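Here is a friendly walk through one model, written for a reader who likes cut-offs spelled out. Please have the viewer open as you read.

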Amino acid sequence: YKIYVVHGPNLNMLGVRETDVYGCLSLEEINGKITILAQELECKVSFFQSNHEGEMIDTIHDAANHYDGIIINPAAYTHTSVAIRDAIASITLPVVEVHLSNTHARESFRHHSYCAAVCIGRIEGFGAHSYLLALRGLCDFLQDKK
Ligand code: DQA
C-alpha cells in the first residue's frame, strides 16, 4: 500500500517546541520511525508538512490520485478547520487522525475535533507511537477491505 502522512502546522518545530508535551524527537526522526515500520509492513510512505491550511487541503485532494490511505495530524486545525474536514470528506480514501498528545487531557478547546467524524479512526496520546499505531491500523484496514 501507498500511505501519505500529512503533518499540520507547527509540527516542523517538534523536538524544540513544548518538549514536555510533544517529546524530544524532531519531525524528521518521527518520519524515520514511520519509514522503518513501513518497510516491515511492506508499504510505502510519503511525507508532507505544511503550516498553511490551503496547502493541506490541496495535498489531501491530490492524494486521492496517488495513495491508498492517509494518516493526518491536522494539529491546531483539528479544532478550527471545517475546510480540512470537508477536504477529507471529499475524497474516498480512508484517513486516520493522529495526535501526539492526549488532547482530551488538555485545554477544553482541544477537546473537539472537526476531522474525527470523517476519519475511519483516531489515535492520540502515545507520542510518536501514535503514528506507528495508525500505520498498523490503516494497513490492517486496507487488508481487510480487499
Ligand atoms: C496536536 C494537538 C493539537 O491540539 C495541537 O494544536 C498540536 C499538536 C498533537 O499532535 O498532539 O499542534 O495535534
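Predicted model: local features only at pLDDT ≥ 70, side-chain atom pairs only at ≥ 80, totals over all residues.

Residues are numbered from 1 along each chain as its sequence is written.

**The annotated site**

Let us start with the record: an unreviewed UniProt entry marks Tyr 22 and His 99 as "active site". The two span 78 residues in sequence, yet no two of their C-alpha atoms are more than 9.4 Å apart, so they gather at one spot. UniProt positions follow the numbering used here, feature names are shortened, and annotations may be inferred rather than shown by experiment.

The table places each residue in its element; helices (H or I, at least four residues) and strands (E, at least two) are DSSP runs numbered from the N terminus. Contact requires C-beta atoms, placed from the backbone, within 7 Å; neighbours within four places in sequence are left aside for Tyr 22 and for His 99.

| Residue | Element | Contacts |
|---|---|---|
| Tyr 22 | helix α1 (residues 19–22) | Leu 14, Arg 17, Leu 100, Ser 101 |
| His 99 | strand β4 (residues 95–99) | Asn 73, Glu 124, Ser 130 |

A residue is buried if 20 or more other C-beta atoms lie within 10 Å of its own, exposed if 12 or fewer, and partly exposed in between, with C-beta atoms placed from the backbone. Tyr 22 counts as buried because it has 20 C-beta neighbours inside 10 Å, and His 99 counts as buried with 24.

**The ligand shell**

His 99 is also one of the residues that surround the ligand, along with Asn 10, Asn 73, Ala 75, Ala 76, Thr 78, Leu 100, Ser 101, Thr 103 and Arg 110. Membership requires a C-beta atom, placed from the backbone, within 6 Å of the molecule.

In helix α3 (residues 53–63), Met 56, Ile 60 and Ala 63 are buried. They cover an arc of only 65° around the axis, which puts them on the same side of α3; the arc is that of the directions from the helix axis to the C-beta atoms. Gly 54, Glu 55 and His 61 are exposed on the other side.

What do the buried residues of α3 pack against? Their partners are β1 (2–7), β3 (69–73) and α4 (82–90). In β1, 5 of the 6 residues are buried.

Strands pair if DSSP finds at least two bridges between them. β1 runs parallel to β2 (residues 44–49), joined by 6 bridges, and Ile 3 has Val 45 as its bridge partner in β2. β1 also runs parallel to β3, with 5 bridges; there His 7 stands opposite Asn 73.

Terms used: Contact = placed C-beta atoms within 7 Å.
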